[in-house]
Amino acid sequence: MAAAVSSAVTQPPNSTVYVKNLEESIKIPDLKEALTEIFSEYGTVIDLVAKRNLKAKGQAFVVFEDVEAAERAIKEVQGFELFEKPMLLDYAKSRSDATVQKEGDDEEFELHKRRRLAEKERKQAHQAAEEAKKLKRPAVATIPDAAASRPVKASRGAGLKSSNPGAGAVVPEEYLPPNKILFVQNLPEDYDVDGLTQIFGRFEGFREVRLVPGRKGIAFVEYDAEAGAISAKESTSGMGLGAESKPIKVVYQRQ
């Protein structure tokens, strides 16, 4: 049954339909089955994405083989009730993985995935920064003691948190925005520049590995551009190294 609901289409036509206002209590397999049955009436569905995480609840992406099918679906299904809630439809903001994989070659698909990952990490970094702002507290007007008034060194190793109690909350390492330098931690002590180059040198635009004198278990890996660093981080984070296969931690350098 179609409900008296209007939803303005804001994105330019493409083959992926964004669906929102879905009933969140429905199990994902049941939701995908119902959506596939409905949208298959308007064309060939090559992919359907619906996730259970909190931010993605109540939403789905339906990927058609062509734009014409997506146009028909939006026209006909807009406001259609599914599980007693009217669906609200629009075109997706960007091409889906399935569409890029179908229309492009392997190189284009890898570039698309890197861009998507970078955008996701930028959003996470922005959200973490906003949360950090909320954690800040106004300074208390008291006379500082000698220890607290000592200046903190301006030059610190990337990824190392400030020990100054007066400093504002910092963005967690995991949510730092992408840049071309990686900060690698938890490395086995016997790994040198050559060993790390064998791991990180296979990614596009690799420039160098830098160890930190006097500090064991950490290193910096630099690339010519963000794209190489993104691919390297995605592929090596959590990789087990050494005799104990201890997982390494790979984050972007703190700017």
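Predicted model: local features only at pLDDT ≥ 70, side-chain atom pairs only at ≥ 80, totals over all residues.
Let me start with R207 and E222, whose side chains form a salt bridge with the closest N and O atoms 3.1 Å apart. This pair links distant parts of the chain, with R207 in strand 8 and E222 in strand 9, 15 residues apart.

How accessible are the two partners? R207 counts as partly exposed, at 43% relative accessibility. E222, by contrast, is buried, with a relative accessible area of 10%; the reason for that word is that buried means under 20%.

R210 is partly exposed, its relative accessible area being 28%.

These residues belong to a network of salt bridges that links R207, E208, R210, E222 and D224. For the structure as a whole, the number of salt bridges is 5.

Let me now turn to a salt bridge between two loops. The side chains of E189 and K216 meet at 3.8 Å, N to O. E189 lies in the loop between strand 7 (181–185) and helix 5 (193–200), and K216 in the loop between strand 8 (206–211) and strand 9 (219–223), so the pair ties together parts that are 27 residues apart in sequence.

What is to be noted about the backbone of N186 is its phi, which is near 65°, a positive value in a residue other than glycine. N186 counts as partly exposed, at 33% relative accessibility.

N21 is placed in the loop between strand 1 and helix 1, and it is partly exposed, with a relative accessible area of 29%.

Next comes K20, which has its place in strand 1, residues 16–20. At 35% relative accessibility, K20 counts as partly exposed. Which residues does K20 contact, leaving aside its neighbours within four places in sequence? They are G58, Q59, P86, M87 and L88. One further distance concerns F61: K20 and F61 are 41 residues apart in sequence, and their C-alpha atoms are 8.9 Å apart in space.

That brings me to the contacts of the chain in general. Among contacts with a separation of 6 or more, 66% are accounted for by residues 24 or more positions apart. The chain contains 6 helices and 12 strands. Of its 255 residues, 35% count as buried.

Now to helix 6, which spans residues 226–236. Its buried residues are G228, A229, I230, S231, A232, K233 and T236. As a general point, an α-helix has 3.6 residues a turn, so residues three or four places apart point the same way. With that in mind, one may look in the structure at G228 and A232, or at A229 and K233, each of which is on the buried list. Just after helix 6, G238 takes a positive phi of about 85°.

My last topic is surface charge. Which residues form the negative surface patch? The patch is made up of D30, E33, E37 and E41. One of these, E41, is found in the loop between helix 1 (28–39) and strand 2 (45–49). E41 is exposed, with a relative accessible area of 64%.

To close, I return to the opening residues.

Conventions: Residues numbered from 1 in each chain as written. Heavy atoms only, no water. Patch = residues over 30% accessible without salt bridge, like charges linked within 9 Å, V, L, I, M, F, W, Y side chains within 5 Å. Areas by Shrake-Rupley, 256 points an atom, 1.4 Å probe, with all protein chains shown as cover. Salt bridge = Lys/Arg side-chain N within 4 Å of Asp/Glu carboxyl O. Lys, Arg positive; Asp, Glu negative; His and termini not counted. Charge placed at Lys NZ, Arg CZ, Asp CG, Glu CD. Helix = DSSP H or I, 4+ residues; strand = E, 2+ residues; numbered from the N terminus. Buried < 20%, exposed > 50% of the residue type's maximum accessible area, 1.4 Å probe, protein only. Contact = heavy atoms within 4.5 Å.
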